[in-house]
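Here's a quick briefing to read with the sequence and the model side by side. Have a look at them first, then work through the points below.

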Amino acid sequence: MRTIQTVDLVDARRIIDAGIAEADRIQSPSNIAVVDAGGSLVAHVRMDGAQLGSVEHSIDKAHTSVLFRSPTGDLARDSEPGGQFWGMALSGLGRVLVFAGGVPLVSGGEVVGAVGVSGGSREQDGAVAEVAAAAL
């Protein structure tokens, strides 16, 4: 049997707190989600003023990032017409999101979860997600 590392609630809270601090700093109220190594939600926060429609987006970005072990912004380029993953956004029962804001969480060279951020621009979501992920 293989033991799989994954994030826990303590990790998720630290990651979310770092994301909130960055979102505040750049003035981008955000939804921030953390999923475990299997893509299940560990924790989520919707900051005051964050878009209601972005709640599911943040969760799905994290889910996509852990499943494909890649930042979602990188998947966007590959899923364009002619790309190696063209059409992937149509998979996963609509949960696969291929725009910036999802970042895998890596520990000891293994993906142990992911963070997803939504509510701002592509650049803002990506920046908040990168800072949040670095808090692992």
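**The core**

Leaving aside residues up to four places away in sequence, Val115 touches Ile15, Ile32, Ala33, Val34, Ala62, Gly101, Gly102, Val103, Leu105, Ala129, Ala132 and Ala133; contact here means heavy atoms within 4.5 Å. Keep in mind that this is a predicted model, where local features need pLDDT of at least 70, side-chain atom pairs count only at pLDDT 80 or more, and totals for chains, interfaces and linings use all residues. Numbering starts from 1 along each chain as its sequence is written, and side-chain values use heavy atoms, with hydrogens and water left out.

- The largest nonpolar core has 18 residues, and Val115 is one of those with the most contacts inside it, along with Ile15, Ile32, Val34, Leu105 and Val117.
- H1, E1, E3, E4 and H4 each supply at least two residues of this core; helices (H or I, at least four residues) and strands (E, at least two) are DSSP runs, numbered from the N terminus.
- Another core, of five residues, lies apart from it, and includes Val35, Ala62, Val111 and Ala114.
- A nonpolar core, by the way, is a set of buried Ala, Val, Leu, Ile, Met, Phe, Trp, Tyr and Cys residues joined through side-chain atoms within 4.5 Å.
- Buried means under 20% relative accessible area, exposed means over 50%, and partly exposed is in between (1.4 Å probe, protein chains only).

**Helix H1**

- Helix H1 runs over residues 9-25, and its 17 residues should span 24 Å at 1.5 Å a residue; the end C-alpha atoms are 24 Å apart, which agrees. The expected span is 1.5 Å times one less than the number of residues.
- The buried residues of H1 are Asp11, Ala12, Ile15, Ile16, Ala18, Gly19, Glu22 and Ala23. They cover an arc of only 160° around the axis, so they sit on the same side of H1; the arc is that of the directions from the helix axis to the C-beta atoms.
- Val10, Arg13 and Arg25 are exposed on the other side of H1.
- What do the buried residues of H1 pack against? Their partners are strands E1 (31-36), E2 (41-46), E3 (102-107) and E4 (110-118), plus helix H4 (122-134).
- Asp8 caps the N-terminal end of H1, with a side-chain oxygen 3.2 Å from the backbone nitrogen of Val10.
- Gln27 follows H1 and has a positive phi, near 55°.
- Not counting residues up to four places away in sequence, Ile20 touches Ile32, Val45 and Met47.

**Salt bridges**

- A search of the whole structure turns up five salt bridges, each a side-chain nitrogen of Lys or Arg within 4 Å of a carboxyl oxygen of Asp or Glu.
- Asp11 pairs with Arg14, their closest N and O atoms being 2.9 Å apart. Both lie in helix H1, three residues apart, about one turn of the helix. Asp11 counts as buried at 15% relative accessibility, while Arg14 is partly exposed at 34%.
- Lys61 and Asp125 meet in a salt bridge as well (3.0 Å, N to O). Lys61 lies in helix H2 (residues 55-68) and Asp125 in helix H4, so the pair ties together parts 64 residues apart in sequence. Both Lys61 and Asp125 are buried.
- Glu123 forms a salt bridge with Arg122, with the closest N and O atoms 3.6 Å apart. Glu123 is exposed at 53% relative accessibility, and Arg122 is exposed at 61%.

Note on methods:
Polar contact = N/O pair within 3.5 Å; in protein donor to acceptor, adjacent residues only side chain to side chain.
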